[in-house]
Amino acid sequence: MSCRKIAAAAAAALLLSLPAFALDAEQAQRATETRQGLLKVVGWNFTPLNAMARGLVPLDAALVERNAQRVAWMATMIPDAFRGDTRAHELKTEALPVIWEDFGRFEELAANAQRSAERLVEVAGGGDEAAIKGAITAVFDDCRACHTAFRVAR
């Protein structure tokens with residue numbers, strides 16, 4: 001590996017391990033687009049699970065397991081996507097400034113969602129419909145806790 005690649009990898013690792021940090025206008029726009037894209041994909045994977053938990057569509061344990069794996073994996077990226085502090089910029093976003101004021105709590109809530117999604121993967125493998133629906137609700141509740149604290153109310 002070249003010195004340039006090693007330096008770039010080290011810099012990226014350092015940035016991801018830091019607490020929140022300020023961005024310039026262009027970086028803030030890109031960060032906002034990235035986090036919105038990430039959360040849209042999380043929602044795209046979770047929406048059918050929520051419909052199953054509510055009895056709107058038949059439960060498909062294999063789909064629940066697959067999508068829960070995706071949600072759990074993407075939840076690990078949420079704090080990184082928000083690490084760049086965009087408060088100083090005029091952006092179209094539902095992210096509240098409190099994210100960067102209480103970033104530790106934000107990380108904690110994202111970790112809760114990740115753990116509940118991982119638990120959903122386990123439960124889905126068992127095939128118990130009531131347990132699966134309960135585990136879907138737990139993921140939903142963990143996501144809602146973060147949205148309530150850190151997103152503009154809809």
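The face of helix 3 turned away from its buried side carries two exposed residues, Ala62 and Trp73. Welcome to this predicted model, a protein whose secondary structure comes to seven helices and two strands. Starting at the N terminus, the elements follow the order α-β-α-α-α-β-α-α-α.

**The protein as a whole**

- The protein has 154 residues, and buried residues make up 32% of them.
- If you take the contacts between residues at least 6 apart in sequence, 74% of them join residues at least 24 apart.

**Helix 3**

- Helix 3 has 15 residues and reaches 20 Å from its first C-alpha to its last, which is close to the 21 Å expected at 1.5 Å a residue.
- On its buried side you will find Val64, Asn67, Ala68, Val71, Ala72, Met74 and Ala75.
- Seen down the axis of helix 3, these buried residues fall within an arc of 165°, so they line one face of the helix.
- The cover over the buried residues of helix 3 includes helix 2, helix 4, helix 6 and helix 7.

**Helix 6**

- Helix 6 runs over residues 103-126; its 24 residues reach 35 Å from first C-alpha to last, close to the 34 Å expected at 1.5 Å a residue.
- Its buried residues include Leu109, Ala110, Ala113, Ser116, Ala117, Leu120 and Val121.
- Those buried residues of helix 6 pack against helix 2 (25-53), helix 3 (61-75), helix 4 (78-82), helix 5 (98-101) and helix 7 (129-150).
- Just after helix 6 comes Gly127, which takes a positive phi of about 80°.

**Aromatic rings**

- A search of the whole structure turns up three aromatic pairs.
- One of them joins Phe103 and Phe106 in a tilted arrangement, 5.6 Å centre to centre with 35° between the planes.
- Phe103 and Phe106 both belong to helix 6, where they sit three residues apart, about one turn of the helix.
- In an α-helix there are 3.6 residues a turn, so residues three or four places apart point the same way.
- Both Phe103 and Phe106 are buried.
- Ring pairs also link Phe103 and Phe106 with Phe82 and Phe150, forming a cluster.

Definitions and conventions. Residues are numbered from 1 along each chain as its sequence is written. This is a predicted model: local features need pLDDT of at least 70, side-chain atom pairs count only at pLDDT 80 or more; totals for chains, interfaces and linings use all residues. Side-chain values use heavy atoms; hydrogens and water are left out. Helices (H or I, at least four residues) and strands (E, at least two) are DSSP runs, numbered from the N terminus. Buried means under 20% relative accessible area, exposed over 50%, partly exposed in between (1.4 Å probe, protein chains only). Contact means heavy atoms within 4.5 Å. The expected span of a helix is 1.5 Å times one less than its number of residues. Rings of Phe, Tyr and Trp (its six-membered ring) pair if their centres lie within 6.5 Å; planes under 30 degrees apart count as stacked, over 60 as edge-to-face and the rest as tilted. The arc is that of the directions from the helix axis to the C-beta atoms.
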